[in-house]
Amino acid sequence: MHRLEVRDLVMQFPAVTALDRVSLSFKLGEVHGVIGENGAGKSTLMKILAGVQQPTSGSVLLDGQEVRFGSVRDALRSGIAMIHQELDLVDTLSVAENVFLGGEPTRWGMLARSRMDERAKQLLKSVGAEFSPRAALGTLSIAGKQLVEIAKALSHDARILLMDEPTAVLTDQETASLFDLIESLKSRGVTVIYISHRLSEVERVCDRLSILRDGVLVKTLLRGEANQSEMASLMVGRDVSEMYPSKRERNEAKLILEASEFIVPGFVKSASLGVNEGEILGLAGLIGSGRTEFAEAIVGARARTSGELRVDDISKRIRSPKDAMRAGIAYVSEDRKGTGLVLPMSVIENCTLANLREYARPLLQKSNERAAAEGWKRKLDIRAGDMRAPIATLSGGNQQKVSIAKWLETSPRVLILDEPTRGVDIGAKREIYSLIHSLAESGTACILISSELTEIVGMCGRVIVMREGATVGELNGTDATEQAIMRLAAGVTVA
Amino acid sequence: MKKVLGFLAENGVLVALIALVIVCITQFGDTFLQPDAIRNLFSQASYIGIIAVGMTFVIMTAGIDLSVGSLVALCGAVAILTLNKLSGGDGSESVSILLAGGAALGIGALAGLFNGFVIAFGRVAPFVVTLAGLAGFRSIALVLGQGGEIRSQTPSFQDIGFGGVAIPGIANQAGQPVVVYWSIFAFLGVALLASFMLNYTRYGRYVIAVGANERAARYSAIDTRAIKVWTYTFLGALVGLAAFFNAARMNSVGTGSVGLFYELDAIAAVVIGGTSLRGGKGRIWGTVAGALLLTLITTMMTWYRVDTNWQGVVRGVVILIAVLLQRGSKANDSN
């Protein structure tokens, strides 16, 4: 029997149709993957199922009965819970308090703390967590917090769990134990709806998977029915055999930017790099190795206590991103929501924000701004219905392209790209790669920061590796393999 | 229904203003439709209005300025003291008055610069910094006025308050021409200038960016601290301007009483006008309408002979309704 079903679901936003007559069913106790490019409608589907959004038309059926969720609470009451990508917990409360937040067990109107701890303990055990229910949530790792979220969902007797990119923030080992947990939930009859970009994971964990493209359901497959590259082709609607543009031989090296002996208290102990004209330099390292903070210090977004920065062999004083921009250095942030974009502002306004001086003479020339933004839209294939709509209405990949366009506007000589393909679908990824490639081709010095080693190896001719706040090594050409980078990043001594 | 609510929330202040005007016309047609009654309405709105326009920018940067009421007293005191100092000399009275105006604007801008500097570079919350200003500026004014009123010795100073441009062909019931006061021109001029700054200058765009996401603005090569300092300085100068007109009208400044609760009225006008207290979103015409609406309500309450003790309740209710309506529109358009 189908436990949860959606019929002819349509979600219409002012700029785009996020879902277009999607009909899908989820069976009892199955793990059902939902994959698709960014903007394909996965998140919208999840939000409708979780009661965050209401569809424009179409229906949701639970056990054959049509249901309408006006809120997350409604969905929870029907046993559907969402495990958020950005965890929705309170750091200062205990684990047990988080599990029962909003549904605390009481006795005569008072918190029944011991009963709460006891029940939390059972729930934590059932998700394989080993920490105490009394521990402060803030002391847990991200993986631990995720387990708390799952326990919280189970405390509401959730029978259907929606997981949105649950492994994005986990290590390999944590991912493996999450998959074990999913197996065990499945055996208890819990349905898991699993969204991910990582095709290898989807292949490993899902019984069935549905592919969305541009808001339309392309196909639902059984496990093993398609391999990863076939899945990828179905997602983008074209063949994605060649991911990375071919590398180019550098002939003469002209050093543009040199950062030496940087120290940022708490993050960077000793980091140096130099980047040449027309080069793509990789900056690799594990999460927390200080890559981002090093880059932020280079553009003056973060204060450094020591270190020298030279541009064209002249020492420069850069104390803010504004100084950096004047020196021709641009930093495309990894954190689009926090530091990369001003979400309530329009696509056009975000495009011209860093280079607004060019459009003020002295009054803002709005038609010129618009023309410039339209130009980037064409050049970078930004999919946006209304360029005057807030940029928050765009999908992640398109937001990322605007984020890059904002800096290309300033015609930088050095472009630092921090995780430029995070949360971006395969199609847009490829476009971003070829964009970086052509920028380098035209002489821009590019620094690519990434956690994806395949990306670093695929794109960069030279790689600098950071570990624990220090640059620990440099790998060139064919020496820059994933294994070699990993050894440096993790500090394994080569035998 | 959603659409109606959305429209009301977006343009609530205009709808309310028009509704009240209609009520006034039907209820008090004879009193309300007099040219000098309408002139007085604008005149009363102008002092708060000038300040509220500057406050709109401050609130759009997600800031607040509680010190404006006390600053009105300080700027007014400085204006009249300057005038009295100069009036004994040989210079013409109009030059003295101009200098007094310059002093009021200068002190206002200086106080705003101080607020902005501490907020931007000292990284202290605007609420706290300007709360200190609320206490401090009033205190300095009281010291200057020895706790009481400072009177001007230049009778022609009142021309600034009561002078203006007579509208040809329009007379009041007594047959005298109706004079549109300078303060009204200042209010509308300041509003036009501000509206222009907001929509057509880099500064305006940066104010929105800083208010919507200060970190992203800084990462986008915007000097966010300079934007904040300018914003508080601009407000301070406008407070000086309002104080100058206020002092001229009375030809004196009661250092303990003038400007009391102006900060609340100015903030109320901004919020009623649809500017978000969380920053990043605002409009000048809304603030202008908000200031007019508040003044009209006060006037109507006088006409209805509402006990002055109760008037605060009515104003409070109006502010709450305005904010609740905005909340409603946010819930609707959040996708």
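In which loop of chain A does Ser333(A) lie? The model is a predicted one, and in it Ser333(A) sits in the loop that runs between β18 and α11 (336-340) of chain A. For chain A as a whole, the mean pLDDT is 87, and 95% of the residues reach 70 or more.

Is Ser333(A) buried or exposed? Ser333(A) counts as buried because it has 27 C-beta neighbours inside 10 Å, and the threshold for that class is 20 or more. Leaving out residues up to four places away in sequence, Ser333(A) touches Thr339(A), Gly340(A), Asp418(A) and Tyr219(B). Asp418(A) is 85 residues from Ser333(A) along the chain, yet their C-alpha atoms are separated by 5.5 Å. Tyr219(B), by contrast, belongs to chain B.

Attention may now turn to a sheet in chain A. Six strands form an open sheet with mixed pairing, in the order β6-β9-β10-β3-β11-β12. Its edges are β6 (80-83) and β12 (216-222) of chain A, each of which pairs on one side only. On average, and ignoring direction, neighbouring strands of the sheet are turned by 20 degrees against each other. Within this sheet, β9 (residues 160-164) and β10 (residues 191-195) of chain A pair in the parallel sense over five bridges. Met163(A), for example, has Tyr194(A) in β10(A) as its bridge partner. Helix α5 (residues 142-155) of chain A lies across β6 and β9 of chain A and runs at about 170 degrees to β6(A).

The nonpolar interior remains to be described. In soluble globular proteins, nonpolar side chains tend to be buried together. Here the largest nonpolar core has 179 residues, and those with the most contacts inside it are Ile416(A), Leu448(A), Ile51(B), Cys75(B), Ala79(B) and Leu238(B). Helix α10 (residues 224-250) of chain B gives the most to this core, contributing 16 residues. Which residues is Ile51(B) in contact with, leaving aside its neighbours within four places in sequence? They are Val68(B), Leu238(B), Val239(B), Ala242(B), Tyr262(B) and Ala266(B).

Definitions and conventions. Residues are numbered from 1 along each chain as its sequence is written. Chains are lettered from A and ligands numbered from 1 in the order in which they are written. This is a predicted model: local features need pLDDT of at least 70, side-chain atom pairs count only at pLDDT 80 or more; totals for chains, interfaces and linings use all residues. Two strands pair if DSSP finds at least two bridges between them. Helices (H or I, at least four residues) and strands (E, at least two) are DSSP runs, numbered from the N terminus. Axes are lines fitted to C-alpha atoms, for helices over the stretch in contact, and angles run from 0 to 180 degrees between N-to-C directions. Two residues are in contact if their C-beta atoms, placed from the backbone, lie within 7 Å. pLDDT is the predictor's confidence in each residue, from 0 to 100. A nonpolar core is a set of buried Ala, Val, Leu, Ile, Met, Phe, Trp, Tyr and Cys residues joined through C-beta atoms within 7 Å. A residue is buried if 20 or more other C-beta atoms lie within 10 Å of its own, exposed if 12 or fewer, and partly exposed in between; C-beta atoms are placed from the backbone.
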